[in-house]
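Hi everyone, thanks for coming. Please have a look at the chain on the screen, and then we'll walk through a few of its residues together.

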Amino acid sequence: WEGQSYGVMPPGINPKNGKPHTVRLYSIASSRYGDDMRGKTATLCVRRAVYVDPETGKEDESKKGVCSNYLCDATAGTEVKMTGPAGKVMLMPEEDPSTDLIMIATGTGIAPYRGFIRRLFVEQT
C-alpha cells in the first residue's frame, strides 16, 4: 500500500566481504491497486546511482550503486528477488474527498506521492 517499501536483493557477491549483496529498500510508487488495477503489479521509484570523480570527470565503477544499476539495466521479464511490502502505510483521508493535501518530498522520497496522485486523478476508487 501507499508509503510502504519493497526490498530488492541484487544478484552477485559483495567484493568487500565475500557475501551476497544485502537487501536494498525502495519505496512503492504505485497505489495499492497496482498499475494493472488488480493488485498484481507494483512500481518502484529508482534513481541510478553513479559517482563521477570531480578531478577526472569520469565515472568511478567502484562506487556504482549495485542495486539501482541492476534495476535500471533490467529488461522486461527479468526475475527480481524481492521482500515485502514492509513499513507503515500512509493513507489519504478518505472520509472527505475535498480535504486539502500538502505533499513535500525530495529525490526518490517522492515515490509514495505518485501512488497518491494516481489514486486522486486516474483511479476511480
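Let's begin with a question: which residues does Leu 25 touch, not counting residues up to four places away in sequence? They are Ser 5, Tyr 6 and Gly 7, where contact means heavy atoms within 4.5 Å.

Before going on, a word on where this comes from. This is a predicted model, in which local features need pLDDT of at least 70 and side-chain atom pairs count only at pLDDT 80 or more, while totals for chains, interfaces and linings use all residues. Residues are numbered from 1 along each chain as its sequence is written, and side-chain values use heavy atoms, with hydrogens and water left out.

How confident is the predictor? On pLDDT, its confidence in each residue from 0 to 100, the chain has a mean of 85, and 97% of its residues reach 70 or more. Confidence is highest in strand E1 (residues 5-9), at 94, and lowest in H2, at a mean of 82. Those names follow DSSP runs numbered from the N terminus: helices are H or I runs of at least four residues, and strands are E runs of at least two.

Back to Leu 25, which lies in strand E2. Leu 25 counts as exposed because its relative accessibility is 63%; exposed means over 50% relative accessible area, buried under 20%, and partly exposed in between, with a 1.4 Å probe and protein chains only. Gly 84 is 59 residues away along the chain, and the two C-alpha atoms are separated by 9.3 Å.

Gly 84 brings us to a detail of the backbone: a cis peptide bond joins Gly 84 and Pro 85, with omega about 10°. Pro 85 is found in strand E3 (residues 81-86).

Now the loop between E2 and H1. Leaving aside neighbours within four places in sequence, its contacts are Trp 1, Glu 2, Gly 39, Leu 91, Glu 94 and Arg 119.

Met 37 sits in that loop too. Although Met 37 is not a glycine, its phi is positive, at about 65°, and at 39% relative accessibility it is partly exposed.

Leu 44 is another residue of the loop between E2 and H1, partly exposed at 24%. Beyond four places in sequence, Leu 44 touches residues including Tyr 6, Tyr 26 and Met 82. Its C-alpha atom is 9.9 Å from that of Arg 114, 70 residues apart along the chain.

On to helix H2 (residues 111-121), where the buried residues include Tyr 113, Phe 116 and Arg 119. What covers the buried residues of H2 includes E2.

Last stop, the largest pocket, with about 220 Å³ of space. Of the 10 residues that line this pocket, the closest to its centre are Met 92, Pro 93, Glu 94, Pro 97 and Leu 120. A pocket is an open set of points on a 1 Å grid over the protein atoms alone where a 1.4 Å probe fits, with protein on both sides within 12 Å along at least five of seven lines; lining residues have an atom within 4 Å of a point.

Terms used
Grid points are joined across faces, edges and corners, and a volume is the space filled by probe spheres set on the points. pLDDT is the predictor's confidence in each residue, from 0 to 100.
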